[in-house]
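The sequence and structure come next.

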Protein chains: 2
Amino acid sequence: MTTIERSQFKVIGTRPVRHDGIDKVTGRAQYANDVRVPGHIVAKFLRSPHAHARIISIDTSRAEALAGVHAVVTGADMPGVSAILREQTEGSLVNLGLMSRNSMAREKALYRGHPVAAVAADSLRIADQALALIEVKYEILQPVLDALEAMKPDAPILIEELRTNVGSTFRGGGLRAEDETASHSNIATTFTMEIGDLANGFEDADIILERDYHTTAAHQGYIEPQSATAYWSADHQLTIWTTTQGPFGIRDSVATVLKLDPGQVKVIPTEIGGGFGAKLQISIEPVVARLSQKCGRPVKLTIDRTEVFDAMGPASPAYVHLKMGVTNDGRLTAADARLIFEAGAIPGSPVAGAANCMFTPYDIPNARVEGIDVIVNKPKTLSYRAPGAPSGAYAVEQMIDEFCEQLGMDPFEFRLKNAAVDGSRRVNGVANANMGFKETLDAARATDHWQTSLDGKLRGRGVAAGFWGNATGPASAIAGLLPDGRISYIEGSVDIGGTRTTSAMQFAEALGISSDNVKPSVTDTDSIGYTSNTGGSSVTFKQGWAAFEAANDLKRQLIERAAKIWSVDSSRVSYDSALLTNLDDPAKTLTIAEIAARQNGTGGSIIGHSSVVPRGVAGGFAVHIVDVAIDPETGKVTIERYTAVQDVGRAIHPGYVEGQMQGGAAQGIGWALNEEYIYSKDGRMENSSFLDYRMPTSLDLPGIDTVIVEVPNPGHPFGVRGVGEAAFVPPLPAIANAVAHAVGKRMFELPMNPRRVLEAMGEI
Amino acid sequence: MTTIERSQFKVIGTRPVRHDGIDKVTGRAQYANDVRVPGHIVAKFLRSPHAHARIISIDTSRAEALAGVHAVVTGADMPGVSAILREQTEGSLVNLGLMSRNSMAREKALYRGHPVAAVAADSLRIADQALALIEVKYEILQPVLDALEAMKPDAPILIEELRTNVGSTFRGGGLRAEDETASHSNIATTFTMEIGDLANGFEDADIILERDYHTTAAHQGYIEPQSATAYWSADHQLTIWTTTQGPFGIRDSVATVLKLDPGQVKVIPTEIGGGFGAKLQISIEPVVARLSQKCGRPVKLTIDRTEVFDAMGPASPAYVHLKMGVTNDGRLTAADARLIFEAGAIPGSPVAGAANCMFTPYDIPNARVEGIDVIVNKPKTLSYRAPGAPSGAYAVEQMIDEFCEQLGMDPFEFRLKNAAVDGSRRVNGVANANMGFKETLDAARATDHWQTSLDGKLRGRGVAAGFWGNATGPASAIAGLLPDGRISYIEGSVDIGGTRTTSAMQFAEALGISSDNVKPSVTDTDSIGYTSNTGGSSVTFKQGWAAFEAANDLKRQLIERAAKIWSVDSSRVSYDSALLTNLDDPAKTLTIAEIAARQNGTGGSIIGHSSVVPRGVAGGFAVHIVDVAIDPETGKVTIERYTAVQDVGRAIHPGYVEGQMQGGAAQGIGWALNEEYIYSKDGRMENSSFLDYRMPTSLDLPGIDTVIVEVPNPGHPFGVRGVGEAAFVPPLPAIANAVAHAVGKRMFELPMNPRRVLEAMGEI
């Protein structure tokens with residue numbers, strides 16, 4: 001693998017208009033709720049009003065008798081799947097038995113908002129009437145709403161079948177066969193990672209700090225609520241239109257929980273109005289499918305915003321206990337962390353993500369992370385951009401800031417001194433390679449922002465770094481040559497962040513054409529090879545690679561076709577910038593468009609395709625610098641200046657890369673300063689709307705400057721690393737450090753809202 | 001090419017349930033009018049009330065001002081395209097300049113029902129109101145409603161730009177550049193085909209008959225009216241959902257008449273509720289697209305049944321003057337035909353189809369056909385199953401019947417004596433090859449029907465033969481291996497007659513799997529290679545071939561994957577009936593499903609594809625035997641017994657083949673006995689509904705027996721010839737012969753309705 005040099009690029013690094021832009025700004029792009037299958041009816045959920053309750057009985061007879069009701073589904077209608085069924089999905093073990101119970105409660109309602117029944121009817125009004133006619137008898141149980149409470153020996157047990165899974169780092173938790181003798185617990189998983197000798201490491205330290213940090217739940221804030229339409233035909237072919245980040249994973253998971261073969265399920269991903277990790281796994285789809293099966297009609301179910309907040313979980317709240325040691329000359333000697341992540345009602349927090357990322361920017365010879373995944377009576381938490389990593393960085397980067405204060409060291413000097421480099425080992429034992437951290441730190445230090453000093457009372461500047469490993473997975477592409485030379489480029493990756501265009505650009509670069517001549521589209525699970533989900537900042541890497549290979553396949557066929565037309569051997573045809581030349585008679589040339597127009601007469605249509613499972617992923621580092629000002633009267637924090645610096649490997653479309661960096665900062669600002677889940681004691685979310693759940697608006701945000709660093713990833717044909725998630729790791733600690741400097745006192749929990757800031761300032 | 005023997009087949013020749021059956025019988029299949037693009041509005045046409053009129057002016061201002069009206073289109077809004085623009089489309093030269101004028105009148109309205117304006121509005125009610133507000137000033141001209149009238153030197157000229165095209169046999173007619181000095185005419189095309197020496201041939205004859213035959217217009221009777229939805233985006237990407245037999249041809253033609261590149265146009269074919277040839281070319285699509293462009297909204301236009309009759313033309317009425325000579329021992333010596341076909345208002349009748357087919361069953365050493373394509377002030381005629389051939393056979397097969405009567409010869413003996421065989425020449429000069437006519441005649445003669453004598457007054461039996469050449473063209477297929485071993489098989493051919501299943505069966509046969517494990521689907525023009533239209537009885541042949549090649553491509557990759565898994569060379573892997581065996585260690589085997597489940601872990605998804613332009617077509621012969629009884633009081637003809645015998649090469653799915661044979665007979669019965677276009681003198685169709693246009697219902701039809709003859713086509717991997725159209729050639733003459741025998745008097749024009757039969761019987 002030789003990474004192509006930037007100077008050779010004609011398309012990569014430019015900023016063409018996105019192919020889906022017109023459709024999106026004109027309102028023509030079709031999202032899941034726009035799906036209109038003829039004859040479809042609509043569905044609604046009945047949700048548990050209790051955070052923890054045994055379901056004694058459900059009487060649906062009156063609802064079923066209501067005119068206009070076509071089907072009612074309860075847990076009894078869902079196929080029997082063991083509560084502890086785990087399956088490999090999208091590269092992770094996921095507890096599909098419990099995910100199926102999350103879609104529709106069986107024995108117990110595990111959180112307020114947990115679906116206990118669903119109705120399909122001619123109209124939403126009739127569905128509402130029918131829901132009111134369903135009688136559910138509950139035995140109300142004591143809810144557990146906090147991870148620390150849930151871990152106590154006498155805590156109420158949520159899931160009877162659950163045993164603690166020890167030592168494995170996979171997501172999804174659950175029972176191992178050999179653990180059947182383990183005791184009941186709300187702890188789904190524990191694991192430990194360790195390198196070096198921790199005791200020796202702390203002995204070498206001159207300063208040791210030990211702190212507890214707490215990050216709260218934060219909603220992903222996607223604009224589009226979950227929505228799915230399903231049609232289960234009489235011959236058991238199931239078609240699902242849904243807003244998802246991973247149609248192939250949905251297909252496979254739905255097939256498992258509904259006891260179908262995956263080949264019976266076709267998932268058609270619609271345009272997606274944001275996901276940020278929350279639309280990776282099955283949620284409403286199995287229930288909508290079952291409703292359709294029961295009544296034989298296409299069924300559409302779209303949840304509303306309150307249901308999103310009540311039942312579609314946020315990022316995991318996390319408790320981080322951190323102890324680190326440093327020498328007087330500023331070298332980290334040891335780090336020890338204990339991470340307790342709330343999974344919500346179903347195992348599977350991203351605690352492993354936090355564990356894998358939190359120490360990675362630094363070369364710490366002696367380190368340990370203990371991770372604990374705990375279930376509580378709240379909705380299953382879902383991934384949110386760099387899942388877990390912001391909570392880990394929140395702790396590590398604040399403590400480093402404290403070290404710098406105590407040592408009187410410049411934060412860049414400290415981080416550069418300790419920066420992990422190729423060859424040093426991570427806490428998970430993996431040796432570092434292709435690291436771009438030092439370059440990112442250098443670029444951040446050189447910014448005008450950092451070079452300009454900050455003055456004024458109640459003003460503070462914070463710096464923090466963050467790491468995300470980026471991901472890969474299988475990806476597939478098909479590229480057909482249209483008769484005018486345009487290319488219909490079809491891929492399996494759902495496009496959230498503009499990846500249709502970045503794929504088209506990489507395709508165009510490889511083929512030597514303009515990206516305007518590529519028509520990219522995303523297709524369904526029956527129409528392209530398996531493509532793993534749009535997550536882990538993987539798409540530009542893996543799908544770009546698939547595009548590269550599909551272009552090469554097409555190029556090979558173009559050369560063969562030209563050779564056939566000229567009656568020469570393929571080796572006698574050269575290809576350069578979309579022009580084919582007969583080397584035996586260089587006056588003879590053919591453009592792609594000329595071959596395109598002659599396809600049928602020279603052997604048929606030319607189609608390139610690829611299916612790749614690429615290795616070569618390289619992680620990405622981000623460094624953010626932020627200036628804040630505190631209002632002395634209200635405690636409100638205003639972001640005055642923000643600069644995001646990131647090594648992206650190679651920016652295919654710099655405009656989108658900047659957008660990802662700015663978006664990460666913006667979402668981080670919201671989480672840091674305002675966003676919060678407020679629960680009543682009995683487990684009811686009290687701010688389940690965008691009016692009360694306070695995400696930042698454009699009025700809350702400054703212009704966010706970006707600096708793209710390019711340390712090309714040698715593992716990718718174009719040097720791509722991945723962008724979207726590393727940008728979301730530094731904001732929490734960067735802002736916390738800035739606020740600490742402004743206030744003169746450090747806070748250890750989120751959000752840093754006016755009340756807490758006033759408290760810290762001693763004003764309350 | 002070696003055709004595979006029937007005895008080796010496991011799938012071909014069986015009768016699985018069709019893959020689209022459930023969707024169709026449950027009403028879930030989505031036809032064009034089911035398309036619901038969010039935000040779409042609806043459109044209607046304003047149609048000319050005059051059969052021939054110059055358009056002086058159109059004032060749309062009041063319509064445009066009406067609330068709820070989004071766009072009005074007249075001829076002035078359509079891009080300027082020369083009236084004589086001809087383009088190669090689907091292998092035929094089509095006069096797209098005139099086809100564009102057929103979609104929307106420009107200078108003149110050429111038939112009653114010719115669109116002169118179209119309105120897109122929020123509702124059909126508003127559209128109707130708007131149409132009433134459009135003021136069109138016409139200069140009413142004398143209409144010409146009959147081909148013989150139109151050919152007279154003093155006939156009104158319909159299209160000023162039209163000059164007679166001499167000597168070319170293509171469809172679509174029009175002007176050749178070199179003919180600019182030719183005089184104005186309503187004759188679009190004339191041509192002559194000739195072999196041998198006609199004068200000598202007639203000299204050798206002992207009996208010469210010379211007759212005039214007339215076949216009337218007959219509607220194709222498709223259930224689904226034309227309907228299209230178009231969305232023209234602000235960046236000039238045009239998407240069209242339409243009911244068509246040829247989405248790629250629609251794409252290319254729409255691009256030409258709207259002055260787009262074909263790569264800007266994506267055509268999504270819906271399920272099609274019948275076409276029979278009438279949905280091959282553009283009709284409403286350019287106007288719907290232009291409406292969408294004008295208002296920026298998706299626009300749907302569905303015409304009603306009356307509009308179908310008024311404006312979507314039937315099969316061409318035809319005048320056939322035929323002279324044939326035969327020796328006393330029953331050998332045909334000469335044949336001479338003059339065919340005058342009405343094209344409707346736009347050139348392009350299937351007169352060449354008639355000319356190419358009418359004499360082909362017989363070895364006639366001296367023969368000539370003169371063909372004439374004439375325009376009249378009626379809607380453009382459209383193809384209808386074996387276009388042209390029934391009219392030719394109507395003449396030839398009746399005259400043969402007369403010869404048999406005069407010679408006292410058995411109709412099978414006569415036809416066998418004169419049957420064309422491999423090597424004999426057709427009137428178009430082509431040498432016959434792979435003929436299965438004798439085998440078909442032998443099979444027909446051996447039927448119980450023929451072997452059982454017919455008695456009774458006013459009863460008659462008729463026999464007739466027919467030929468159709470069958471067609472081919474480019475076809476493309478993609479076959480993806482789903483994780484459970486099922487195959488997602490995707491093709492470009494619109495499925496009218498069950499071809500999804502016949503493709504799936506040929507694919508399954510080639511791969512050695514069950515056709516139930518193949519999920520066939522039809523896709524759009526951006527998602528598969530060019531595939532020519534579903535016409536000419538080509539699909540089972542060409543698309544089956546594409547399926548065969550895609551299966552072979554998949555098989556090759558399965559072998560490579562198994563070799564990779566076993567770390568052996570591909571040559572050391574055998575493939576037999578979906579089982580792969582390691583020849584170095586035969587205990588090691590892999591099924592397709594086992595490889596399917598391991599795709600991602602062994603290199604990625606496996607996708608086969610193909611794009612073929614196959615040669616090797618072989619024509620098909622049909623022989624029909626029919627018994628009729630005449631009601632002496634009403635003259636009504638009752639079909640008492642009907643047997644259809646046909647050489648199909650190879651029946652992939654015998655049930656569908658039988659259905660095609662029965663459908664051909666049924667449609668032929670309607671055309672022969674009842675169907676008729678009744679026009680007023682000023683060119684208004686007076687029976688434009690299914691109440692008044694009398695197609696046969698199930699109550700009018702007997703059980704139709706079928707005998708499948710299989711003389712495999714050596715030019716196809718599975719021996720396929722094509723089925724759908726040959727079955728429609730013999731009914732008209734077979735019934736005419738039967739009625740002639742029953743009545744004792746021969747009629748020479750259609751329909752043989754009660755009035756005409758009573759006339760023939762001397763009862764009126």
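A polar contact is a pair of N or O atoms within 3.5 Å; within protein, one must be able to donate a hydrogen and the other to accept it, and residues adjacent in sequence count only if both atoms are side-chain atoms. In this predicted model, 16 residue pairs, both at pLDDT 80 or more, are in polar contact between chain A and chain B. On the side of chain A that touches chain B, strand S26(A) gives the most, with 3 residues.

The rule also finds 4 salt bridges across the interface of chain A and chain B. One of them joins Lys519(A) and Asp526(B), with the closest N and O atoms 3.0 Å apart.

By class, the side of chain A that touches chain B divides as follows.

| Class | Count on the side of chain A |
|---|---|
| Nonpolar | 17 residues |
| Polar | 20 residues |

The size of an interface is often given as the accessible area lost when the parts come together. Between chain A and chain B the buried area is about 4000 Å², and carbon and sulfur atoms give 55% of that area. Arg28(A), Pro38(A) and Asn600(A) supply 15% of the area that chain A buries against chain B, more than any other three residues. The contact takes 51 residues from chain A and 51 residues from chain B.

Within chain B, Asp553(B) lies in helix H16, which covers residues 539–566. Is Asp553(B) buried or exposed? Asp553(B) counts as buried because its relative accessible area is 13%, and buried means under 20%. Leaving aside neighbours within four places in sequence, Asp553(B) is in contact with Ile607(B), Gly608(B) and His609(B).

Note on methods:
Residues numbered from 1 in each chain as written. Chains lettered and ligands numbered in written order. Predicted model: local features only at pLDDT ≥ 70, side-chain atom pairs only at ≥ 80, totals over all residues. Heavy atoms only, no water. Contact = heavy atoms within 4.5 Å. Buried area = accessible area lost by both parts, 1.4 Å probe. Salt bridge = Lys/Arg side-chain N within 4 Å of Asp/Glu carboxyl O. Helix = DSSP H or I, 4+ residues; strand = E, 2+ residues; numbered from the N terminus. Nonpolar A, V, L, I, M, F, W, Y, C, P; charged D, E, K, R; others polar. Buried < 20%, exposed > 50% of the residue type's maximum accessible area, 1.4 Å probe, protein only.
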